[in-house]
Amino acid sequence: MEENAYKSESIPESAPKKTLPEAVGDFFKKDLVQYIIKRLLMFIPTLFLISVLVFFVIQLPPGDYVSAHIAALASEGEFVDADYAAQLRADYGLDLPVYEQYFKWVKDIIWTPTDSTYYRLYGSHHNWKYSFAYGRDVWDVVDDRLGLTILVTAIIMIFQYAVSLPIAVYASTHQYSVGDYVSSIIGFLGAAIPNFILAIVLMYLSYKWTGNANVGLFSQEMLQNGVHLYNFGDFLKRMIIPIIVIGTSGTCGIIRSVRAQMLDEVGRQYTLTARAKGVPERTIIMKYCFRAAINPTVSGLGGVLSSLFSGSTVTAMVLNMQIQGPVLFKALQAQDMYLAGAIVMVQAVLVVIGILFSDIALAFLDPRIRYSGGGR
Amino acid sequence: MWKKKQKSNEDYYLASQWTLMGRKLKKHKLAKLSMLILLILYLGALFADFLAPYSLDEFDALYKNSAPSKIHWTHEGEFIGPHVYKLEKTIDRTDFSVKITEDTSEYYKINFFVHGSEYKILGLIPCDIHLFGVSQGSNGGSGAKIMLFGTDALGRDIFSRILLGSRISLTIPFASAIISFFLGVTIGSISGYFGGGVDIVIQRIIEVIGAVPQIPLWMALSAAIPPGISTVKMYFYITIILSFINWTGMARVVRGKFLSLKNEDYVMAARLSGVSTWKIIWKHLVPGFMSYLIVSITLGIPGSIVGETSMSYLGLGIKSPATSWGVLLQEASSVTDVASNPHKLIPIIFVTITVLAFNFLGDGIRDAADPYK
């Protein structure tokens, strides 16, 4: 529901008379490249601040992996003496002050060290340091599920927009009709029912009706042979429940904000003018009103991405999906700080990239938006 | 006749923005219904101790995971009014399976204003009267319970817990939404109104906070809050802290609106007449998009109600015996729970109704606040 900041008034001027390819060409020539370079440069301070915040947040709980590990060992009746704990801390670099640990971590992210303690201990190059719980390189663990996480998130995001935008347009052009109420209620229900309950109920129904609870993203057969074209259909079938569960929780917000914006736009004078001039209703709605109304939704794209990452965690745990959310949760619980930090950093980078994309899309939607100074 | 019409016109033209909104809101049926429902829910939370037959820590091992109590009207073919039977545990000698059945030899009438566990009305006046409950059996027996919505795994009444849990589920999300509203409007308006370097710094901060996922924040915060304080208090702290994170969305929108509104003539006029910046922001600019702000508050509250349930699922929110709707739903966190005890899904009805009511109320207010309709 974010409003674009650069817009001065919501009354679109008459669109320039250019064909679409021409407009796209123009757009890319003018200031986009410059703008993207500027934004990419701005990534550096943003990511620096994010990394500080992430490291701080992850360090916030008392204790560290070693103390969590020792507590786990003690609960199994094994005694760990203080010397051993100190030795472990020294090996992992956990005995250093927090800021030193932070700088070492950042150093590791920027360039991979070959002469570190980890290298000597474990004989491998450590990318983004070492995951204590997995006993592997952090990047190794992250990489396992990164592709799938992005794929699943992308599918759910496409579903969200593909479903909610047409519904929003329909609801706004037929305000207070039966369809409007039905779509509102379904949207609200999707937002009102907590994800994990919906997932459990759908799993139960799926088991009752088809005899298969569709848990996890891959069948046994897929795990053995890998996902190919012939079993991709099965993979998509297993995506149905996650899509419904995670997707519907976000559609409500999109429907509500686009509907409200559309209602504002439909009442404006330019719409009346266009109608008086005899422009077909369809053109008015799609070309003028919708284009203006979609603006806050597009600028909220980064936020949607971030809430998808958070929202999918609980669902993924219930449905046993092989995506990053549950790994992050377990890493945070076990205070496996480098792994948790890496996953949060990766997600944050994706969100920041999403925000950049949304800003580019905004400029494309509304030609009056100029990101470089002047030219207003 | 004419005079009357003139009078009503006068009323209309002289009415303040709020009066007009109130009038339009009264015409919105769904919003009115939602308001009524919310009023009932909040009254229920206020008088939860009185309405709930049992307190938070009462339990009965016999009633573990039992389905909602069946309310009977006739006993042995004779009408005697609403009553329940005591449950009875029998062990089948052939396969040693435990069966819970109703013991129909003795009936327990449902009485109103019965004595039960002690509580304080509005936290002040000690009292032990509950709206309804079962006391003595027809043959002087005791031990029967009335569980309108069934019980959880420890034999605690879900109906009572829903009522008592609503005190947390209906208030803390509200507080959190209000706090993030004020932070969002204040910081967003500063960013939009002053622009320049202030704007750039605030926007970067918003970007950074928005990019960090919520779950690590929750976990870190709940682990960092010192142990030993009550879980309700801890949850309250977390919610307050989270609302210090959630303001970013609101701030972005407010900033956008301010960027476009601050150059309007009326703002210039106010500035030239020497109105203070603070007053311009709150008296002249904020009312200009009040409809949006109210809607986002009414949408923010259900968001945090649902968020609370997810956090409870992860075991990060409140912990038993203190309760909230999210904690109650933890009992329904696996397929087997749902399949064998469908009554444990009842709290979801309350969550859904509350969220729907807030959303429709927000809708109604949006329509009412729209000055062009």
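**Note on the structure**

1. In chain B, helix α3 (residues 29-46) supplies the largest share of the nonpolar patch, namely six residues. The model is a predicted one, and the points below should be read accordingly.

2. The patch lies on the surface and consists of Leu33(B), Leu36(B), Leu39(B), Ile40(B), Leu43(B), Leu46(B), Phe47(B), Leu122(B), Leu124(B) and Ile125(B). Together these residues present about 990 Å² of accessible area.

3. Ile40(B) belongs to helix α3 of chain B. Is Ile40(B) buried or exposed? Its relative accessibility is 53%, and because exposed means over 50%, Ile40(B) counts as exposed.

4. Chain A may be summarised by its totals. The chain contains 16 helices and two strands, and 47% of its 376 residues count as buried. Of the contacts in chain A between residues at least 6 apart in sequence, 73% join residues at least 24 apart. The accessible surface of chain A amounts to about 18400 Å², with 64% of this belonging to carbon and sulfur atoms.

5. Over all chains, the count of aromatic pairs comes to 16. One of them joins Phe182(B) and Trp282(B), whose ring centres are 6.1 Å apart. The planes of these two rings stand at 35°, so the pair is classed as tilted. Distant parts of the chain are linked by this pair: Phe182(B) is in helix α6 (residues 172-194) of chain B and Trp282(B) in helix α11 (residues 277-285) of chain B, 100 residues apart. Phe182(B) counts as partly exposed at 43% relative accessibility, and Trp282(B) is partly exposed with a relative accessible area of 24%.

6. A further pair is formed by Trp325(B) and Phe350(B). Why is the pair of Trp325(B) and Phe350(B) tilted? The ring centres are 6.2 Å apart and the planes are at 55°; planes over 60 degrees apart would count as edge-to-face and those under 30 as stacked, so the remainder are tilted. This pair, too, links distant parts of the chain, with Trp325(B) in helix α13 (residues 325-330) of chain B and Phe350(B) in helix α15 (residues 346-369) of chain B, 25 residues apart.

7. With a relative accessible area of 1%, Trp325(B) is buried, whereas Phe350(B), at 23% relative accessibility, counts as partly exposed. Both residues belong to one aromatic cluster, together with Phe132(B), Phe149(B) and Phe159(B).

Methods:
Residues numbered from 1 in each chain as written. Chains lettered and ligands numbered in written order. Predicted model: local features only at pLDDT ≥ 70, side-chain atom pairs only at ≥ 80, totals over all residues. Heavy atoms only, no water. Helix = DSSP H or I, 4+ residues; strand = E, 2+ residues; numbered from the N terminus. Buried < 20%, exposed > 50% of the residue type's maximum accessible area, 1.4 Å probe, protein only. Contact = heavy atoms within 4.5 Å. Areas by Shrake-Rupley, 256 points an atom, 1.4 Å probe, with all protein chains shown as cover. Patch = residues over 30% accessible without salt bridge, like charges linked within 9 Å, V, L, I, M, F, W, Y side chains within 5 Å. Salt bridge = Lys/Arg side-chain N within 4 Å of Asp/Glu carboxyl O. Phe/Tyr/Trp six-rings, centres within 6.5 Å; stacked < 30°, edge-to-face > 60°.
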